[in-house]
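Q: I would like a close look at a single part of this protein. Please keep it brisk.
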Amino acid sequence: MDWLRRDGDAVFSLVAIKGNALVGHMVLSKIEAPFRALGLGPVAVLPGHQRTGVGTRMIKEGLSRAGRMGWEGVFVLGEPAYYRRFGFDAGKAAGFLSPYAGPHLMALALGTDDLPACSGDIMYPAAFAVLG
């Protein structure tokens, strides 16, 4: 996360606070794509607060804000069974070339049913290359 901020790639992040404790965090960062697109991740919730809706609320709020800011789509690399509930679809990402291409790369259009393009190159920020 620090690298995304340092490199100017983080667009915004959200945190979840319970009492005085930080229990969740997510970030949306700029990615290079044929349209105005963001990458969702990382998303993290402390183990004791998982399965309580914290992550769901952060992701829904993040996607809503991104849409209001004029972003056209969001890509995520993650567990399909989890991210499909937000509307992410591996089929919508299938035409895009990326080092992360495959069944875990999914896309979501913001504000419309379809992405502005269905193919092209997408490039996540350099900070993601550190993850391997």
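Which residue in β3 does I31 stand opposite?

A: I31 stands opposite A37 in β3. First, some ground rules. This is a predicted model, where local features need pLDDT of at least 70, side-chain atom pairs count only at pLDDT 80 or more, and totals for chains, interfaces and linings use all residues. Residues are numbered from 1 along each chain as its sequence is written, and side-chain values use heavy atoms, with hydrogens and water left out.

Now the strands. Strands are DSSP runs of E with at least two residues, helices are runs of H or I with at least four, and both are numbered from the N terminus. Two strands pair if DSSP finds at least two bridges between them. Strand β2 covers residues 21–31, and strand β3 covers residues 37–45. They run antiparallel, joined by seven bridges. Five residues lie between β2 and β3, and the two strands form a hairpin.

β3 has another partner. Four bridges join β3 to strand β4 (residues 73–77), and this pair runs parallel. Here G39 stands opposite F75 in β4.

L22 is partly exposed, with a relative accessible area of 48%. That term covers values between buried (under 20%) and exposed (over 50%), using a 1.4 Å probe and protein chains only.
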